[in-house]
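Here is a friendly note to read alongside the model. Take a look at the structure, then follow the points below.

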Amino acid sequence: MMIDPELHEITPANLDAACAIAVRPDQQHLVDPVVKSLAEAYVHPTGVAWPRLIVDGGRPVGFLMAFLDIDFAGDGTGRDIRSGLWRLNIAADQQGRGYGRFAVEAVAAEIRRRGGSKLTVTWHPGDDGPEGFYLGLGFRKTGEMSGQEVVGELELS
């Protein structure tokens, strides 16, 4: 059960705790480890990646990384600018307690704060993937694929 979760910026003081967040072994093929996410955040221009440690009662319980105002199509035209949830890693022993929902709501709030009206997410298809979780939160499939992943959107009106 959640107590009072909050987001913390990743700092030298909590870097090791963030990198120690690990999903269940059967989920490792679905989401990259936190260390890769932080490396990706580092190599992208400032402001694109929004990595945060999810902390509850003083203990790290998860990690999220949003993408903000990116050229989603990647074609350089800037016609398809989107923001959304890039990564979500909830610690194996903390799953099923509402932290995933909290993370999605936190990203939605940040996107709204920046003037956005949609939250985009991608997921690996299949029975072992997170599709049910995202659809249960109100995401709808767009019919697009991003690489091998399904694209979903949540209206933030």
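1. In this predicted model, D32 and R87 form a salt bridge with N and O 3.0 Å apart; the term stands for a side-chain nitrogen of Lys or Arg within 4 Å of a carboxyl oxygen of Asp or Glu. The pair is 55 residues apart, with D32 in the loop between α1 (15-19) and α2 (34-43) and R87 in strand β4 (residues 81-90). Helices (H or I, at least four residues) and strands (E, at least two) are DSSP runs, numbered from the N terminus.

2. R87 also meets E40 in a salt bridge, at 2.6 Å from N to O. Since R87 lies in strand β4 and E40 in helix α2, this pair ties together parts 47 residues apart in sequence. Is D32 buried or exposed, or in between? D32 is partly exposed at 26% relative accessible area, while R87 and E40 are both buried. Buried means under 20% relative accessible area, exposed over 50%, and partly exposed in between (1.4 Å probe, protein chains only).

3. Another salt bridge joins E153 and R82, with the closest N and O atoms 3.7 Å apart. E153 sits in strand β7 (residues 149-155) and R82 in strand β4, 71 residues apart. Shared partners join D80, R82, K118, R140, E144, E153 and E155 into one network of salt bridges.

4. Overall, the protein has 13 salt bridges, four helices and seven strands, and 41% of its 157 residues are buried.

5. Residues are numbered from 1 along each chain as its sequence is written. As the model is predicted, local features need pLDDT of at least 70, side-chain atom pairs count only at pLDDT 80 or more, and totals for chains, interfaces and linings use all residues, while side-chain values use heavy atoms, leaving out hydrogens and water.
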